Amino acid sequence: MITADLAGKRTLVTGAASGIGLATAEMFARCGAKVAINDLPRNPNLEAEVERLRGEGLDVIAAGGNVGDPQDCRRMISQAIADLGGLDHLINNAGTPGTKSPVPPSDLDAIDEGFWDRVLSVNLVGPYRCCQSAVDALRESNGAIVNTCSIAGLTGVGSSTAYAATKAGLINMTQALAKALAPDIRVNAIAPGVVDSPWECQWSDEDQPARIARVPLKRAGVPVDYAESILFLAAGGAYITGHTLVVDGGVTA
Ligand SMILES: NC(=O)c1ccc[n+]([C@@H]2O[C@H](COP(=O)([O-])OP(=O)(O)OC[C@H]3O[C@@H](n4cnc5c(N)ncnc54)[C@H](O)[C@@H]3O)[C@@H](O)[C@H]2O)c1
């Protein structure tokens, strides 16, 4: 496991009361950063996880807010930056599948306008809103942004066609923002494969073993596998920008 000295650094992680985001927030805080943990205000895990980490002596604060809501998202980012006293790392990790079970690509009618609105607003416009609101603070610190995408965005195969398209958009936006914000701010992304997390959309018990059997490393990625790659891109990787790091146990190799 890699580590870094993040004493004096300030990090905001969205969608961080669970899974990849929580592991990332915890890893950055253990490295010495002060970390704002964002999640939906109604998610009871948010306060519970902040309490748990504070109980371990880590410097974390709650930053409740919905990145899918334009006003609430901007309010949350400004408040978090004020509470942290600036910002060095923005980790755009919040995401939604928009469905509790995978939608077969052939079922075009299952994806209606409401579905598109939900996944686009959280998975694609959400990170843009966060970047827009955080850009001044990140410029001041010569900071870094890391977006959580998905291999669905590279392959078109995921929980739905709409979800995959939002992640493809986020990979593209990572490149566009990297160029737009250089040389002050680096912008990168990770593309997870199979993730062992409490993700809203679960594959059936029959499908899951086959999904894992297709992974050359023969296991699902655990949240710290992804957190470590985010740490590398945010705190290291000084000459890397516009890149999407595939972290998938070899699935897309
Ligand atoms: N689980 C997978 O199979 C998988 C695969 C590839 C990529 N990803 C991506 O990884 C990221 C993290 O997912 P995870 O697997 O850790 O799942 P998770 O469900 O454990 O974590 C996602 C968190 O995001 C929060 N969230 C959802 N909508 C939000 C919003 N509008 N505003 C703020 N917070 C919000 C949820 O409440 C949840 O706590 C997501 O962007 C997801 O698209 C997941």
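Predicted model: local features only at pLDDT ≥ 70, side-chain atom pairs only at ≥ 80, totals over all residues.
Visitor: How many residues of the shell around the ligand are nonpolar, polar and charged?

Guide: The shell divides into ten nonpolar residues, 15 polar and two charged. There are 27 residues around the ligand, and those that come nearest are Gly15, Gly19, Gly95, Ser197 and Trp199.

Visitor: Which helix gives the most to that shell?

Guide: Helix H1 does, with three residues. Both H1 (19-30) and strand S2 (34-39) supply at least two residues each.

Visitor: Glu26 is placed in helix H1. Is Glu26 buried or exposed?

Guide: The general idea is to count C-beta neighbours: a residue is buried if 20 or more other C-beta atoms lie within 10 Å of its own, and exposed if 12 or fewer do. Glu26 has 23 such neighbours inside 10 Å, and therefore counts as buried.

Visitor: Which residues of H3 are buried?

Guide: They are Cys73, Met76, Ile77, Ala80, Ile81 and Leu84. Around the axis they cover an arc of only 125 degrees, and therefore they lie on the same side of H3. Gln71 and Ala82, on the other side of the helix, are exposed. The buried residues pack against strand S1 (10-13), S2, S3 and H4. Just after H3 comes Gly85, with a positive phi of about 80 degrees.

Visitor: Where do the buried and the exposed residues of H2 fall?

Guide: H2 (residues 44-55) has twelve residues and reaches 17 Å between its first and last C-alpha atoms, close to the 16 Å expected at 1.5 Å a residue. Within H2, Leu46, Glu49, Val50 and Leu53 are buried. Seen down the axis of H2, these buried residues fall within an arc of 100 degrees, so they line one face of the helix. The face turned away from that side carries the exposed residues Pro44, Ala48, Glu51 and Gly55. The buried residues of H2 pack against H1, S2 and strand S3 (60-64). Gly57 follows H2 and has a positive phi, near 90 degrees.

Visitor: Where is the kink in H4 centred?

Guide: The kink, of about 55 degrees, is centred on Val135.

Visitor: Which backbone values deserve attention when one reads a model?

Guide: Most residues other than glycine have a negative phi, and most peptide bonds are trans. In this structure, Asn142 has a positive phi, near 50 degrees. Asn142 lies in the loop between H4 and strand S5 (144-148), and counts as exposed because it has 11 C-beta neighbours inside 10 Å. Lys218 also has a positive phi, near 60 degrees. Lys218 belongs to the loop between H7 and helix H8 (223-235), and its 10 C-beta neighbours inside 10 Å make it count as exposed.

Visitor: Which residues does a cis peptide bond join?

Guide: The bond joins Ala182 and Pro183, with omega about 0 degrees. Pro183 is in the loop between helix H6 (161-181) and S6.

Visitor: What does Val194 touch, not counting residues up to four places away in sequence?

Guide: Val194 touches Arg211, Ile212, Val215, Ala220 and Gly221. Its place is in the loop between strand S6 (186-192) and helix H7 (207-213). Val194 is partly exposed, because 18 other C-beta atoms lie within 10 Å. Gly249 is 55 residues from Val194 along the chain, and their C-alpha atoms are separated by 8.3 Å.

Key. Residues numbered from 1 in each chain as written. Near = placed C-beta within 6 Å. Helix = DSSP H or I, 4+ residues; strand = E, 2+ residues; numbered from the N terminus. Nonpolar A, V, L, I, M, F, W, Y, C, P; charged D, E, K, R; others polar. Expected span 1.5 Å × (residues − 1). Arc of directions from axis to C-beta. Contact = placed C-beta atoms within 7 Å. Bend = angle between axes of the 7 residues up to and from the residue.
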